[in-house]
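This briefing walks through a predicted model, going from the packing of helices to the interface of the chains and then to some points of backbone geometry. Please keep the structure open while reading.

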Amino acid sequence: MDSLIVLLIPLLPLIGFIISGTLNKQANHTLINGLTCGSVFVSFLLSVILFYQLQSGSAPISYKLLNWIYVGALKLDLSFTVDALSSIMLLIITGIGFLIHVYSTGYMHDEPDYARFFSYLNLFVFFMLLLVMGNNFVVMFVGWEGVGLCSYLLIGFWFKNNAYNDAAKKAFVMNRIGDLGFLIGMFLILNKFGSLNYQTVFDLASHAATNDPTITVICICLFIGALGKSAQIPLYTWLPDAMAGPTPVSALIHAATMVTAGIYMIVRTNVLYTLSPDAGFLVAVMGVATALFAATIGLKQNDIKKVLAYSTVSQLGYMFAALGVGAYETGMFHVITHAFFKALLFLCAGSVIHAMSGEQDIRSMGGLRKKLPITHITFFIGTLAISGFPPFSGFFSKDEILAKVHEYNGGFMLFTILAITSVITAFYMFRLYWLTFWGNFRGNSHQASHLHESPKSITIPLILLAVFAASAGLIGLPHLFHAPHLLNNFLAPVIINAPTLEASASFEIALIVVSLIVLALVTYITYQIYVAKARIPVADADEKGISKWVANKYYIDELYNALITQPLQAVSTFANNYIEKYVIDGTVNSFRWLTNTGSLLIRQIQTGSIGLYIFGIVIGIICMFVFKFYLA
Amino acid sequence: MSESLLLLMLPLASMLIVAVYNGDKGLLSKGAVAASLISLLASVYVLLTFNSTVGFQSVSSYNWIPSLGINLSFGLDGLSILLVMLTNFLTPLIILATVNREIKNQRAFYALIFLMQFALIGVFTTLDAFVFYVFWELALIPIYFICLMWGGKYSGAITLKFFIYTLTGSLFMLTGIIYLYLQTPGSHTFALQSFYTLDLTAQEQSYLFWAFFLAFAIKIPIWPLHTWQPDTYTDAPTAGTMLLSGIMLKMGIYGIMRWMLPVMPLGIMQWQNLVLVLCIIGVLYASCLALVQNDFKRLVAYASMAHVGLIAAGVFTTNIYGLQGATIQMLAHGINAVGLFYIVDIIQSKTGTRQINELGGIAHNNRLFSILFVIVLLGTVALPLTNGFVGEFLLLNGIFNYNIWFAAFAGLTIILGAVYMLRSYKSIMLGDIASPSSKFETLQYNEKIVLSVVAIAIIAMGICPQYFINLAQPALENIFQLSHLHN
């Protein structure tokens, strides 16, 4: 029975995809809603059942579908296992996935291609479930590339717009760069452990020596995959562009679920990362660098979704920082809280964009709190959560990350940067909040006349997410409250041999007090700037100096274009126009020339003059004699 | 009559019937489809009764020229049955793809396709080197005429080059075959089995390697012996391109596995490093060239070259992953290449152009076509759960086991492949509707059938590849045993 549930969880969204995918544009919305939202909702209920089974001490539950690829030492099954880690991911994917499906029924209501949108969403849920349910690396890879495909399809959902199509293509290609790392990592694992099944690999690895160079290389290769999927330096530039997709997609795929796949992967392979402190350190450094870098860009963005996108990149950096220092549960903790508050923020942004008739520039907003009360309140809760105000969820997970990084040997520098970053985070989030919901309305009269709160299908998911964004921190209370850390206890069977990093109670208290003071200050300062003094950000063209650099995202896209895209194009064009035509084909054609010229030359001898022929014969005979008697 | 002979003779019978048929034209194309389906059914029947574990089976042998030890002998093992299946699976699709196209002199056209099918099955089933050579060259004749008579405006020069180029390669192989023949004991024989038992020095094997390799490398083609390929693929009629890329180039890969690995393993070991480097250069080179093509058909031609370069690299790793990957990918590439070239043909016949920059926005009004196109594209870029993934995963793993850096470079194909395929899909299908694209009408019934069958095959093979792996495994193990290579 339980194993059947394991099969049904991904199967239902797949069926939803297939049926809604074959419906045409005229299909009834209610039918589509029932199919696609319904299938995800049932999967959610089933996930809850599994969660309670595991909670009450059940062993991981598996289902084997078929023998997939058996060649040599490689024995790959299409099979699934749900353990504590998968179970948490299942709840996030199907739970938040369901809310976003419901939200989309309101948000995409007027979309002519309604069925196609929902079929893609269901397909995404299917692949995301495969990613977290697989019991070997290749099934994870199936989901991994599958969600990349859905991301591609959904970013370019409005495919009439070529900028969107380019964004979609960029997302797929950058992910593919990471995927090559993942692939090579898998080959290394297969070579080293003789298997790609989690159980076999982790059992063998738990007896392996620390600092084994092969394991370090494996970890780095897998991490390259994570860099692409979870949008970290240097493969992050696709995520802000991915905001071209419909907003529910940004919330589900590019905030709550898919982009956390890289974190899931590292938590899943925590045995290996614990064996390689070097790789762990690299992960932490990249995470911290990305967190700071993306946050600074977030300061100068004026598109409501772009701010949130850079914020996502930055928050993912926090999670990697936690993983890098070996605090895997803490990384997962932030995955959970981030899933709630970031999905909430994106959906609120969607509600705002909806009300603003498609406007996304916060310079044209302002004062929306009166017309959109529910969106305003829920967005405010989201802002408090991400900024880390106690007792909202982000506070617990982020402070836990800061504390663990602080305890990490040599982690003081990393801790300092992350602490500064959290101030920047609060700054750009409050900037966004004040500019959007306070002050005077700065849009045009057409937009002003259309301002309205969104329908229930949109606001109810907002309210539910806000409740969780506010309260999810309770699953991981700090030590000082002397309450059990529910998440750590639940995840304990999955985390093997990880180091223990425990901050002292006094440090935790200090952290809480300092962060409260700083957050209050940031709130006050941003209020002064953006509401009291109403300093609206200047037009893009008027940016100067460092501001201009930051507003243009440090020109990283331009740099990649100059360093990779253009040279590749130039080399390819050169190969096409010269090497192919003149060198390779030229050599082949020279044989024709050789034949022609050769035969022309030889034809000269064929004169028909008997005298010449006899002369030739005589010379030949003399040569033979000379050869026979003198040289041989 | 044994099964292998039945499979061989059916296309010949089809050819004769089509050639003498003198009636209604509409009926002719339907009859051709029916005839090719009979071959397919026969091969499915053979497959169902096939026992892959016993080596060559349903062997039949007839004296042809006894004084020279030449026998018409045929047989099937797991490797050959898979390639026969591929041939018989793709031929009906290729014929069906042409039924609503204007084709002058249909009788000759279909007769040549069947002759081609006959020759290909001959290559894949014969157990005699001389007969192998005869079929190998025989396959060149129908494709030469198909390209010449139904090809584009430069077909004269291009097909001549193609013909001479591949013929030159084959002559080297002929000398190699004769040399091997002369080494056989007693009154000499061309039998495959006797070649397998020859005791050749490393030096001999090294020379023989080049004699055979040149023939196979030109056919595949391996960089830099490829320049006949883009021109021929681009200029040939679509059926010809499908035959060439879908099936004919597999003759080269099959040849390496059947005639080189077991006969001259020392020669292979001596040169495999060089060949792998050439193959991988070819993969990257062809991918780069595909990036800058504007003619979609030429782009697909280079993409095809990139993919077969990886297959050849897999074979030359001489490990089980590489060989299994090559086997699976031969089937996958055959199916995907036929799908892609047919997509090119559909676009060209409906819009009048296949220049990427002149097209755009076809997806707006043609949902089914865009779905099928995407599935074929995904198979080509090796997305998991498509056939392309299974092949490329095993191939790259094989190359990895040979040398990790080779795998890293060869692996770039998964990135570059995504770039050029998505780029062309975007320009052709997405964005604003370009004026030629507005002429794009809904798919006709045969177009729907062919593309749907291809799409289903892509996904089915991606989910259940083990069936094919199991079929090939004993045959590949046999190759390892004969060549004394470690698997």
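In chain A, the axes of helix α16 (residues 373-387) and helix α20 (residues 456-471) approach to within 9 Å and cross at roughly 25 degrees. Since angles under 35 degrees count as roughly parallel, α16(A) is therefore roughly parallel to α20(A). The crossing by which α16(A) passes α20(A) is left-handed.

**Helix packing in chain A**

- On the side of α16(A), the contact with α20(A) is made by Ile374(A), Thr375(A), Thr378(A), Ile381(A) and Ala385(A), while α20(A) contributes Thr459(A), Leu462(A), Ile463(A), Ala466(A), Ala469(A) and Ala470(A).
- Sorted by class, the residues in this contact of α16(A) with α20(A) comprise eight nonpolar, three polar and no charged.
- Helix α3 (residues 84-107) of chain A packs against helix α15 (residues 328-355) of chain A at an angle of about 5 degrees, the two axes being 11 Å apart, and that angle makes α3(A) roughly parallel to α15(A).
- The residues of α3(A) that meet α15(A) are Leu85(A), Ile88(A), Met89(A), Ile92(A), Ile96(A), Ile100(A), Tyr103(A), Gly106(A) and Tyr107(A); among their partners in α15(A) are Met332(A), Val335(A), Ile336(A), Phe340(A), Leu347(A) and His354(A).
- The contact of α3(A) with α15(A) divides into 16 nonpolar and four polar residues, with no charged residue taking part.

**Helix packing in chain B**

- In chain B, the axes of helix α1 (residues 3-20) and helix α2 (residues 25-48) come within 10 Å of each other and cross at roughly 175 degrees, and α1(B) and α2(B) are therefore roughly antiparallel.
- From α1(B), the contact takes in Glu3(B), Leu6(B), Leu7(B), Leu10(B), Pro11(B), Ser14(B) and Val18(B), and from α2(B) it takes in Leu28(B), Ala35(B), Ile38(B), Ser39(B), Ala42(B), Ser43(B) and Val46(B).
- The contact of α1(B) with α2(B) has 10 nonpolar, three polar and one charged residues.

**The interface of chain B and chain A**

- The size of an interface is often given as the accessible area lost when the parts come together.
- Between chain B and chain A the buried area is about 4,800 Å², and carbon and sulfur atoms give 71% of it.
- Arg367(B), Phe393(B) and Lys426(B) supply 13% of the area that chain B buries against chain A, more than any other three residues.
- In terms of contacts, 56 residues of chain B touch 56 residues of chain A.
- Two salt bridges are found across the interface of chain B and chain A.
- The side chain of Lys426(B) forms a salt bridge with that of Asp166(A), with a distance of 2.5 Å from N to O.

**Backbone geometry**

- Most residues other than glycine have a negative phi, and most peptide bonds are trans.
- Ile233(A) and Pro234(A) are joined by a cis peptide bond with omega at about 5 degrees, and Pro234(A) lies in the loop between α8 (213-229) and α9 (238-241) of chain A.
- In chain B, a cis peptide bond joins Trp223(B) and Pro224(B), with omega at about 0 degrees, and Pro224(B) lies in the loop between α9 (202-219) and α10 (228-235) of chain B.
- Asn211(A), a residue other than glycine, has a positive phi, near 65 degrees, and Asn211(A) is found in the loop between α7 (198-205) and α8 of chain A.

Methods: Residues numbered from 1 in each chain as written. Chains lettered and ligands numbered in written order. Predicted model: local features only at pLDDT ≥ 70, side-chain atom pairs only at ≥ 80, totals over all residues. Heavy atoms only, no water. Axes fitted to C-alpha atoms, helices over the stretch in contact; angles between N-to-C directions. Helix = DSSP H or I, 4+ residues; strand = E, 2+ residues; numbered from the N terminus. Parallel < 35°, antiparallel > 145°, perpendicular 65-115°, else oblique. Left-handed = near helix turned anticlockwise from the far one by under 90°. Contact = heavy atoms within 4.5 Å. Nonpolar A, V, L, I, M, F, W, Y, C, P; charged D, E, K, R; others polar. Buried area = accessible area lost by both parts, 1.4 Å probe. Salt bridge = Lys/Arg side-chain N within 4 Å of Asp/Glu carboxyl O.
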